[in-house]
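Please read them with the structure open.

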Amino acid sequence: MPNWCWTALYHYTAYCYPQHVNGKPVTALKIILVVLTVLASILLVLTVLMHKGRGGGLSDMFGGGISTTAGSSGVAERNLNRITLAILIVWVVCIVAYALLTKITVAS
């Protein structure tokens with residue numbers, strides 16, 4: 001990445017994630033959880049869009065109807081299902097952990 005990208009990222013994170021909120025420190029774990037949640041969200045959208053369409057709906061709009069004759073192998077579709085499920089689990093765990101961490105921080 002160019003140097004200006006790192007500088008912009010530093011200033012953005014310093015603005016969005018200040019060191020203290022209402023006098024309470026923001027932990028590095030919260031920042032890590034937010035970054036993981038964003039990455040998991042993007043990956044989840046991409047993996048869902050890569051699934052083969054099963055007729056009708058938005059998948060046909062993006063060319064899913066054409067691929068039904070060509071089809072993908074059953075193994076590839078099963079692996080894509082497993083990857084999507086794994087990313088979904090990471091996403092849910094990050095959101096629940098962030099909510100619990102926020103609740104603990106606010107309560108104390």
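1. Start with valine 92. Its relative accessibility is 38%, so it counts as partly exposed. Valine 92 sits in helix H5. Keep in mind throughout that this is a predicted model.

2. Valine 92 belongs to a nonpolar surface patch.

3. Is threonine 84 buried or exposed? Threonine 84 has a relative accessibility of 12%, which is under the 20% cut-off, so it counts as buried. This threonine also lies in helix H5, which spans residues 74–107.

4. Which residues does threonine 84 touch, leaving aside those up to four places away in sequence? They are Leu44, Thr47, Val48 and His51. Of these, Leu44 and Thr47 are listed among the buried residues of H2.

5. Threonine 102 is another residue of helix H5. Its relative accessible area is 25%, so threonine 102 is partly exposed. A polar atom of its side chain lies 2.8 Å from the backbone oxygen of tyrosine 98.

6. How far apart are threonine 102 and lysine 30 in sequence and in space? They are 72 residues apart in sequence. Their C-alpha atoms are 8.2 Å apart. Lysine 30 is one of the buried residues of H2.

7. Now helix H2 itself. It runs over residues 28–50 and has 23 residues. From first C-alpha to last, H2 reaches 33 Å. That is close to the 33 Å expected at 1.5 Å a residue. Besides Lys30, Leu44 and Thr47, the buried residues of H2 are Leu33, Val34, Thr37 and Ala40.

8. On the overall fold, the protein has five helices and two strands. Read from the N terminus, the order is α-β-β-α-α-α-α. Take the contacts with a separation of 6 or more: 76% of them join residues 24 or more positions apart.

9. Last, burial and surface for the protein. What share of the 108 residues is buried? Buried residues make up 16%. The accessible surface comes to about 8200 Å². Carbon and sulfur atoms account for 74% of that surface.

How values were computed:
Residues numbered from 1 in each chain as written. Predicted model: local features only at pLDDT ≥ 70, side-chain atom pairs only at ≥ 80, totals over all residues. Heavy atoms only, no water. Helix = DSSP H or I, 4+ residues; strand = E, 2+ residues; numbered from the N terminus. Buried < 20%, exposed > 50% of the residue type's maximum accessible area, 1.4 Å probe, protein only. Contact = heavy atoms within 4.5 Å. Polar contact = N/O pair within 3.5 Å; in protein donor to acceptor, adjacent residues only side chain to side chain. Expected span 1.5 Å × (residues − 1). Patch = residues over 30% accessible without salt bridge, like charges linked within 9 Å, V, L, I, M, F, W, Y side chains within 5 Å. Areas by Shrake-Rupley, 256 points an atom, 1.4 Å probe, with all protein chains shown as cover. Salt bridge = Lys/Arg side-chain N within 4 Å of Asp/Glu carboxyl O.
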